[in-house]
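Dear colleague,

Please find the structure below, handed over for your work. My notes on strand pairing and helix packing follow it.

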Amino acid sequence: MNETDRQLRLLVGLVVVVALGVEVAAVCAAVLTRLPTTASDVAMLVMLTLMIFVSASTKARIRIRSTTHSISWNETAIIIGIAIAPTPWVIFCTGLGVALGSRKLPAIKMAFGIGKNVLVAGTAGLVLATLGWSWPPPGLVDLVVPVAVAYLAAALVDDLLAIPVIALASRTRVSRQFRSNLDLRLTGFAVRFAVALCTLAILQADTRLLLAVPPLVISLHLAYSHRIQTRTEQQAWQRLARTTDALNSVDLDRVLTTAVTQAAELFSADEVEVELHDGPRSVRGNSQTITYDGPVGEPTTVDGAVIPIPLEGHDRTSDVGVLRLRFRGPVRLNEREQYTLRTFASALCTAVRNAQAYAELARAAADHAYAATHDALTGLANRRHLLDQGSAQLNGRHADGVTALALIDLNHFKEINDTLGHAAGDRILVQVAARLREATRDDDLVARLGGDEFAVLLRGLPAPAMAAHRTEALLSALHEPFDLDGIRISVEASGGIATAPGTGGMAELLRRADVAMYQAKRNGQRIASYTPARDTADLGRLALGGDLPRAVADHEFAVNFQPIVDLATGEVVGAEALARWHHPTNGTVDPARFLEAVERSGLLPAFAETVLDQALLALVSWREAGFDIPVAVNVSPRSLLDARFPGSVLARLRAHELPPDRLMLELTENLTLSQLDVVDRVLGRLRDEGVRLALDDFGTGYSSLSLLSRIPVHEIKIDRTFVTDMESSAEATAVIRSTLDLGRSLDLTVVAEGVESEPQRRALWELGCLAGQGHLFARPMPANRFLAALHRGAGGRPGTLAPPLHDAGAVIRLAPGRRPNGRNRTDRLPHSPA
């Protein structure tokens, strides 16, 4: 038994005890004053008992939870009895008549009904006795005033006794229960008082007119009951509308809380449970609060009738769970309640599905936002997040102390990858990230910039000198060997420190830390702090770095094009896009001076998009003029670390309505390319979409063959140093010959760079090189001059830039080959020696 049930039983017990005392007092008063001894007295008792029995049996019923509450005409019968008979007789007859009329009710309801009505009768009798009542009254006023006062007292006692009991049974506040249906209760009191008054007036005038009272009472009762039913249904529909409106939320917890509490009130249930299949999850509660929220299967404290209904939509194609109404006693829902329950369950199903869908979208958005700002391997912030956070910190750093950046690079990390494999290297990187995170403070930001390079944004330092102390602590955290499947591996690191510059922002801070880190590596130091005097970049280059944001915004970068020529025929078979900076004060700036600054800034994506757009616009103009040749664009290795890069390239191809195979992306040979899985994914997507790939400066690095085995490019380009030295160096000629043999065996196009003389051209052609580019054919030029050169041609042959090396018909064209990966070569093939 819970606390509410205990309070309810105590209140009912108190009413019964007081009523029993009133009943005993009435019997004693009857013994002392007047006992019913004559036949007319006995008839009076029978008539009073029968009248109260009929009034108690004629009820308008309203269900609250598992209890059905009744609105009867008892007080009307009691007032009539008190007016025409001795009060002790009426009290006795009231107890007997109510007992007979409620004999089918549970014991506690029967006891409360008897006690309440006995107290109502006692109150009415006491009021009439106090007013000096006698039957029949001498006049109309003497009838109306005392009866009205007695009826008012009886109605007040009835409400004061019934409302707290109903409030406890329905678990609502007494004040709320008192206000509930107040207009109906007042109307009912007025009607029943009018009936009682008319009945007394009829008895006083002529007892034969009493025959007209029962039909009148029955008609009024039916009308009142219909009005109560109509009001109840109207309120139920209004509550249903409010409840379904309240379910319109994208927060699943709020939806479930609203559903449980509102359904408990809507259906007068002792407990409501919503069980969801997704989880699974169970939420239970009453109209006041949630009592349970957790896994399915926990027992409930409400033992009684259970009414379940599945949570399915109108089309019944989805089933998200079950709604259960629980009652402490037997309950059967009427037709209107069953329809309301189905409507509510359907609305709840829709609300749950909407909230679950919104939660899934929110989770996906959070995951995407996290992935866009964090490194997938270590979970640290990535370069983008570091730049965003650093820029925000520098913009508002005046009250936060000194801001510094520590750049940490692992020494000889390639040996771990080469010896133990990339998976082992990744595990070491994860452990390094964990140690750096543990060695930093809550205000610091640890980021992985790519490969084995990490950065730590140190915020709120009391003095610049603290940056070196903090960075030393970071490197000390990496001093202990790492354990890898029982193998202890020592990792050394170098660190560069830079404090926030006055100008240049986060991009300049990152550049300075990078300069300091390479100073430490060159000098064999663990840590080096940035000093302007030791910056290898001159002041002019530093100034150019500060001008980069303006240059990108004002479109100061332009693209020139150098043709790629068929060595045999002189026909133009392609073009390479080369970026140039037209500085407003310094004139044309060589790429060697600004490309490094662009790569180390946060402007690389914008710069790459500018160059690509200009290259594709030129390609469109050439195609419209009848020259359908591909264009090659150089790609920075840092762009390949950006997972958004392929989407940007493909979007621009679609915008210019160009087939992907008209674009060649030239990859600079770099030792870290083969170590980064993200590069494989980026290049794989571009290659699968049809974009062609070339390996630039082939032969100058140490990983050419490993790159060719991992990245199936379409073209390799021989570095210009080998072409320049081929006339005087047998080794250079051997490198070119082996590269051409490798290209033929892998079905790759080979292009020689730096062709500056006819002897070089002929020697390359005789070795089997099909294409070349260099000053012999043309220097880099703007797109319009390039198109004019194509129109003009060499010797009146449009589309050529050099005379052929052979007479017409002296060569044959090789048939298109098939790459090992199954891709047909569809680009224009240069001529090969016969």
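In this predicted model, Glu275 has Val322 of β7 as its bridge partner. The two strands concerned, β3 (residues 271-276) and β7 (residues 319-327), pair in the antiparallel sense over six bridges.

Both strands belong to an open sheet of five strands, ordered β5-β4-β3-β7-β6, with antiparallel pairing. The edges are taken by β5 (290-294) and β6 (305-312); each has a single partner strand, so one side of each is left without a neighbour in the sheet. On average, and with direction ignored, neighbouring strands are turned by 15 degrees against each other.

Two helices pack on this sheet. Helix α10 (residues 252-266) touches β3, β4 (281-285) and β5, and its direction makes about 145 degrees with that of β3. Helix α11 (residues 335-373) touches β3, β6 and β7, and its direction makes about 50 degrees with that of β6.

A further item concerns a pair of helices. Helix α19 (residues 604-624) packs with helix α26 (residues 783-792) at an angle of about 25 degrees, and their axes lie 10 Å apart. Because angles under 35 degrees count as roughly parallel, α19 is roughly parallel to α26. Their crossing is right-handed.

Which residues meet where α19 contacts α26? From α19 they are Ala618, Ser621 and Trp622, and from α26 they are Ala783, Phe786 and Leu787. By class, this contact has five nonpolar residues, one polar residue and no charged residues.

Yours sincerely

Conventions. Residues numbered from 1 in each chain as written. Predicted model: local features only at pLDDT ≥ 70, side-chain atom pairs only at ≥ 80, totals over all residues. Heavy atoms only, no water. Axes fitted to C-alpha atoms, helices over the stretch in contact; angles between N-to-C directions. Helix = DSSP H or I, 4+ residues; strand = E, 2+ residues; numbered from the N terminus. Parallel < 35°, antiparallel > 145°, perpendicular 65-115°, else oblique. Left-handed = near helix turned anticlockwise from the far one by under 90°. Contact = heavy atoms within 4.5 Å. Nonpolar A, V, L, I, M, F, W, Y, C, P; charged D, E, K, R; others polar. Pairing = 2+ DSSP bridges.
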